[in-house]
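Trainee: Please pick one part of this chain and take me through it closely. I would like to see how it connects to what lies around it.

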Amino acid sequence: MKQIRAGSTTLNDVAEDAGVSYQTVSRVINGHPHVAAVTRQRVLDSVRKLDYRPNLMARGLVTRRSHTIGIVTFGSTYYGPAQMVANIDRAIQERGYRFAPTTIPEMSFESLAGAVQELRERGVEGIVMITPILDINLDQVRNLCAGTPFVMIDIAVGAQLPSVVIEQQRGGRLATEHLLQLGHRRLAEISGPLNWCDAKLRHDGWIDAHRAAGLSPGTSVESDWSPRGGYLAARRLLDGGTTFSGLVVGNDQMALGAVRALREQGVRIPEDVSVIGFDNIPESAFFEPPLTTVVQDFEALGRQSAEYLIALIEYPNTPVHQRVLYPELVVRGSTGRLTER
């Protein structure tokens, strides 16, 4: 096998290892959309194995390009946005681009405009925006980014902008339908903050599932994504006399707090109340009992976002579209069939 000195890997080395042409490796690195998925994965595996790192400085001198992509994010201290940033960063770097992050402290158009302007001044070639708050005007965003390729994350399915989204409303339906299929008819919900797009869509999915089953939605309490918020929301349900045998929670961290509140009141899980979360955080499999939850494929989100944005940068005629990913249900011990009492 050919010995490669660390730090000296070339495109030809990657091509030889992957068994493809130099041109194919170049297309994959630059996010060209017209590469077979199996071939793309084989090339990316070789990139990782050989630790291929393009000489961005030399490339920039020749092409007068920065090969830098900016990311604007809000709420990056929360699990979902943090996972989005980490996976987009990884996917961008695998494709030979640098990563320029900026975080906005409040979700307003003024803050977003300032962050976009800052990234443009830093010479980025494209921007990913993780902006989950509902009241962002998408027409303003389109005008703000005129001349700079961009991809949005965390907006509604059907939005007419370049975007990659996870179908959150479907996720809310999956969670609620799971409990309904187990025989539960008295459900409660702890939602995330409803000015967040994801929280509102998951809540809409909860309503959809009830209506499809011919039921009126039960009591819903809004919280703040945190374990403490989940604990306090569950206490509000219990102290308010809400009767429920199933609890849909807007994320796993709030579910952790809710489980504690239920147990403090002597409620058994799942014998008395079945609990389901959202996100499939690494700790959720080790809750007591292990948490049933809805999983989002953040790795696919990062890969798709990077591929799409780099295609917009490298091939300006790439059609504007929205890519939609679908969440899945992971069933564990925190949910069970309703038993007669």
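Mentor: Start at Ile-153, whose bridge partner in β5 is Val-164. This is a predicted model, in which local features need pLDDT of at least 70 and side-chain atom pairs count only at pLDDT 80 or more, while totals for chains, interfaces and linings use all residues. Residues are numbered from 1 along each chain as its sequence is written, and side-chain values use heavy atoms, leaving out hydrogens and water.

Ile-153 also stands opposite Ile-130. Its strand, β4, covers residues 150-153. Strands (E, at least two residues) and helices (H or I, at least four) are DSSP runs, numbered from the N terminus.

Now look at the neighbours of β4. With β5 (residues 163-166), β4 pairs in the parallel sense over two bridges. Pairing requires at least two bridges found by DSSP between the strands. Met-152 faces Ser-163 of β5. With β3, the pairing is also parallel, over four bridges.

Next, the faces. In a regular strand, side chains alternate between the two faces of the sheet. Phe-150 and Met-152 lie on one side of β4, Val-151 and Ile-153 on the other, and all are buried. Buried means under 20% relative accessible area, with exposed over 50% and partly exposed in between (1.4 Å probe, protein chains only).

Step back to the whole sheet. It is open, with six strands in the order β2-β1-β3-β4-β5-β11 and parallel pairing. The edges are β2 (98-103) and β11 (322-325), each pairing on one side only. From one strand to the next, the twist averages 15°.

A helix comes in here too. α12 (residues 298-314) lies across β1 (68-73), β3 (126-130), β4, β5 and β11. It runs at about 155° to β4. Axes are lines fitted to C-alpha atoms, for helices over the stretch in contact, and angles run from 0 to 180 degrees between N-to-C directions. Contact means heavy atoms within 4.5 Å.
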